[in-house]
Amino acid sequence: MRLILISGLSGSGKSVALKMLEDSGFYCVDNLPATMLGDVMALYRDFGYDRIAISVDTRSSPSLGVLPQKMEQLRQLGVDVRLLFLESKTDTLVKRFSETRRRHPLSAPGRTVEESICLERELLEAISELGHRIDTSELSANALRSFVKQLVGADTSRLTLLFESFGFKHGVPLDADFVFDVRCLPNPYYDPVLRPLTGKDQPIIDYFESEPMVSIMVADIQRHIAKWLPAFSQENRSYLTVAIGCTGGQHRSVYIAEQLAEAFADEQVLIRHRQLNRDA
């Protein structure tokens with residue numbers, strides 16, 4: 001059997017992810033207390049279901065403490081268990097609650113939405129370390145659906161190496177394991193002809209291939225990742241996210257992320273361009 005657990009902050013897109021999994025053929029359950037995981041999985045096994053997705057979050061917070069134990073018990077029974085933890089920046093979540101006029105699950109008299117979000121973040125801190133974190137601050141619903149589908153489709157027996165480009169002016173991704181700053185490199189933004197293009201376009205590729213500093217930076221990052229990748233694999237991690245940042249997330253970071261993905265083609269690689277995909 002295969003179990004995808006969806007957890008994270010309210011307003012971060014858990015319902016979008018769960019709906020995508022349902023559309024992909026998973027039997028989905030929303031807001032299940034962690035204490036019931038074993039019984040529910042046994043029940044669905046008897047019913048013949050082999051792909052299950054379950055949302056576990058602070059709406060059933062008293063049971064969250066047993067989640068690590070329940071996950072390990074299921075793994076010992078041969079269940080392929082993976083957890084996706086969705087999060088967003090606090091100001092992004094405040095804006096989303098304001099726009100939708102939804103009530104935060106932890107709201108209480110005298111407690112602001114921002115205070116509720118901070119409390120929820122504290123309650124979920126331990127859970128966030130159990131699986132792969134996804135920062136949805138800059139993701140549209142369509143981009144999130146696509147990204148979750150890629151992650152779920154990855155081979156669970158191998159570590160997935162995720163290269164993520166981003167723009168520092170939009171904030172550092174919350175889900176990054178490594179962050180590399182490439183703002184010291186030459187910037188094609190200042191060429192009016194190159195400015196509208198991205199790091200995936202051939203004129204930008206030609207521009208960077210003519211700059212020795214760029215190839216040196218790519219090689220240095222590649223060596224660092226190659227050195228430490230075996231250690232992360234031995235830790236039985238499912239994902240390793242390497243974030244590459246430039247100012248706007250359009251040229252330098254995109255190009256280098258693409259180059260690194262190509263360099264590690266023998267690994268299981270995913271690539272995500274945060275600023276290019278934000279409206280996807």
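Which residue in β3 is the bridge partner of isoleucine 4? I looked it up in this predicted model. The partner is alanine 53.

**Entry: β1 and its neighbours**

I took the β1/β3 pair next. Strand β1 covers residues 2-8 and strand β3 covers residues 51-55. They pair in the parallel sense, over five bridges. I also checked leucine 3 of this pair, and its bridge partner in β3 is isoleucine 52.

Then I turned to β4. β1 and β4 pair in the parallel sense too, over seven bridges. Here I picked out glycine 8, which stands opposite leucine 86 in β4.

How many residues of β1 are buried? I find seven of the seven, so β1 is largely enclosed by the rest of the structure. I sorted its residues by direction. Arg2, Ile4, Ile6 and Gly8 point one way. Leu3, Leu5 and Ser7 point the other way, and these are all buried as well.

**Entry: the five-stranded sheet**

I traced the strand order as β2-β3-β1-β4-β5. The sheet is open, and its pairing is parallel. I note β2 (27-29) and β5 (132-135) as the edge strands, since each pairs on one side only. Neighbouring strands are turned by 20° against each other on average, direction ignored.

**Entry: helices on this sheet**

I looked at α2 (residues 37-47). This helix lies across β1, β2 and β3. I noted its angle to β3 as about 150°.

I then followed α6 (residues 141-153). Helix α6 packs on the sheet and touches β1, β4 (80-87) and β5. Its direction makes about 155° with that of β4.

**Entry: a closer look at α6**

I tested the length. At 1.5 Å a residue, the 13 residues of α6 should span 18 Å. The end C-alpha atoms are 18 Å apart, which agrees.

Which residues of α6 are buried? I list Ala143, Leu144, Phe147, Val148, Leu151 and Val152. They cover an arc of only 160° around the axis, which puts them on the same side of α6. On the other side of the helix I find Lys149 and Gly153 exposed.

**Entry: the four-stranded sheet**

I moved on to another open sheet, with four strands in the order β7-β8-β6-β9. Its pairing is parallel. The edge strands are β7 (178-181) and β9 (268-273), each pairing on one side only. I record an average twist of 20° from one strand to the next.

I checked β6 (residues 160-167) against β9. They pair in the parallel sense over six bridges. Which residue of β9 stands opposite serine 165? I find histidine 273 there.

**Entry: positive phi**

I looked for positive phi in residues other than glycine. Asparagine 31 has a phi near 60°. I place asparagine 31 in the loop between β2 and α2. Its relative accessibility is 28%, so I count asparagine 31 as partly exposed.

Arginine 101 also went into my notes, with a positive phi of about 60°. I place arginine 101 in the loop between α4 (90-100) and α5 (113-123). Is arginine 101 buried or exposed? At 77% relative accessibility, arginine 101 counts as exposed. The cut-off I used for exposed is over 50%.

Note on methods:
Residues numbered from 1 in each chain as written. Predicted model: local features only at pLDDT ≥ 70, side-chain atom pairs only at ≥ 80, totals over all residues. Heavy atoms only, no water. Pairing = 2+ DSSP bridges. Helix = DSSP H or I, 4+ residues; strand = E, 2+ residues; numbered from the N terminus. Axes fitted to C-alpha atoms, helices over the stretch in contact; angles between N-to-C directions. Contact = heavy atoms within 4.5 Å. Buried < 20%, exposed > 50% of the residue type's maximum accessible area, 1.4 Å probe, protein only. Expected span 1.5 Å × (residues − 1). Arc of directions from axis to C-beta.
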